Number of protein chains: 2
Amino acid sequence: MLRQEGLFLLSIFLYLYFLTIFNLSDLKLVILGNGSAVPTRYANPTSQMLYYRGRQFMIDCGEGTQMQMIKYGIKSRRLDDIFISHLHGDHFFGLFGMLSTFHLFGRDKDLNLYSPQALKPLIESVFETAATRLNFKLNFFPLEDYKSTPLIETKSFIINCFDLDHSVPAWGFVFREKKGDLRIDKEFVKNRGLTVDQINSIKAGNDFIDEEGKAYKSKDITLNPRPPASYAFCSDTAYNESIAESIYKVNLLYHEASFDESMLELAGSKKHSTATQAAKIAKIAKVDKLLLGHFSARFKNYDLLLNEARQVFPNSHVSVEGDPYIIK
Amino acid sequence: MLRQEGLFLLSIFLYLYFLTIFNLSDLKLVILGNGSAVPTRYANPTSQMLYYRGRQFMIDCGEGTQMQMIKYGIKSRRLDDIFISHLHGDHFFGLFGMLSTFHLFGRDKDLNLYSPQALKPLIESVFETAATRLNFKLNFFPLEDYKSTPLIETKSFIINCFDLDHSVPAWGFVFREKKGDLRIDKEFVKNRGLTVDQINSIKAGNDFIDEEGKAYKSKDITLNPRPPASYAFCSDTAYNESIAESIYKVNLLYHEASFDESMLELAGSKKHSTATQAAKIAKIAKVDKLLLGHFSARFKNYDLLLNEARQVFPNSHVSVEGDPYIIK
């Protein structure tokens, strides 16, 4: 009896432990840098960390990303995949230092790098010059090869890249959780002592017949699956409506908003977007929520950008470095 | 009369202006990073800015140097010379971002880079990959070519490099102000209305004969020149007494002290120094003051290192990022 109670307590403990470690239920985003090419007191070069079921995904790695991770207490134990949107320095100059630090901290498991192909020889040159032989393997996945193939696909999620419209080849990224199983109605399960096989059968959508021969329709004893969470990253890019298709109806969209509407021409010539344009894309793509970022160094605050975006897409927000965004 | 007064006021104003701008009288050091390879909450990768008579000299440029400059309000208008001690990443990974920022801020004057020769092709690769064509010229000066030649020599100062003892080729740097002119005794000048020619003649050490034919010996109307200021940078290096000669009697020495004495063997194998070893070099070289730096990430404070150093060389200090060190 004591042994059974011990096992029960152990399983509760393990469940809570893994729930904590893996944040099982949530997709979470932390923005490490929401500035553009020139860092300021207020904004660092681009980098973000996405968390999902015990995995971490980094998007871009501007200079100082590892310092931002220290500042916000962000570890990298579960980071195995880094995505680099394009090869402007403010999106990858932090890689060299961060990879060095991983090396010095003894990382030995592979790290996957999804980036424009020209990054591979450059990283090799940098570490050769810096007399550093990383003690982990870098696996390179050239984004040029993933026109229609997912970058990563598992049973529970899929990550794709898509073309942005910038002065150099640039890619956006979209993370989509897959539709989950049906959920069993808690009231129905209560005190019935169902076996694991019975539960899985119900979750798979089968009807159920109890010991007394009573039949229950699947729809009467299940709830719809939890709505799948999704997130898209679009930076750097000019306004381009073709992007909307790739990011259609995501829960959260991070879209660059380098400039305000008075700088529309500048935005066009530099292949960046205004806040209004970011909001237009959010509206066309019918996303739930828009986060603005990649702010030009000329802005001391982002009120103007926010106001402009909200006139087009009310659920627009200024991204805040270090804040956790839970994506439901 | 009014015109004369105006000119007088203007010259006073200009004098004060240039005194402010150029810090005419001082050699000043600001340390931007005193950490070692892995940045921490407390210490950034190596970089320092030296100021002398309106010129700025940067030594090393670890990741995040440009952010440290923002943090401490440090401009780069008068920075034309950057010295890179060696090609471990924590001493140069910040160059790419900082040079990009100079470019984006419209710098068009040349920048001189004194570094190991392998940095030149790497910088060219980085900016080619990042699709950035800097709108200023980078002049490369390979340290390998400066065994006995000064890196920079002017009428008032000289900068030399010398070999350190590290796991890759590494150089220290020493800045020495030249002996200045004699200073005219203020009491003597008072109310005498000397011409510029007369002042220069006295400063050059000549005797002086006044309008009434009275002769003054040079030694009676002059004071010794201000003692020339000097500074030396030694990081990264193992303990090596041959360094002492190059940095003999400098006013201020920054010497790496990566480890404490309990890690003596580790220091030797990694070709770094302990705090005690840094102090020994300071003592042998008879420097005035020692600043410890390049602290291993394992230290949360540097009391132990300071205590060890002071037992050998009492005028030892822990360097503090952002503090101005005036070198007399």
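How many residues does the contact take from chain A and from chain B? It takes 29 residues from chain A and 29 residues from chain B, where two residues are in contact if their C-beta atoms, placed from the backbone, lie within 7 Å.

This is a predicted model, in which local features need pLDDT of at least 70 and side-chain atom pairs count only at pLDDT 80 or more, while totals for chains, interfaces and linings use all residues. Residues are numbered from 1 along each chain as its sequence is written, and chains are lettered from A and ligands numbered from 1 in the order in which they are written.

The table names the elements that give two or more residues to the side of chain A that touches chain B; helices (H or I, at least four residues) and strands (E, at least two) are DSSP runs, numbered from the N terminus.

| Element of chain A | Residues |
|---|---|
| helix H2 | 65–71 |
| helix H3 | 95–104 |
| helix H4 | 119–129 |

H3(A) supplies the largest share of that side, five residues.

Of the contact residues of chain A, 100% recur in chain B, so that the same surface serves both copies.
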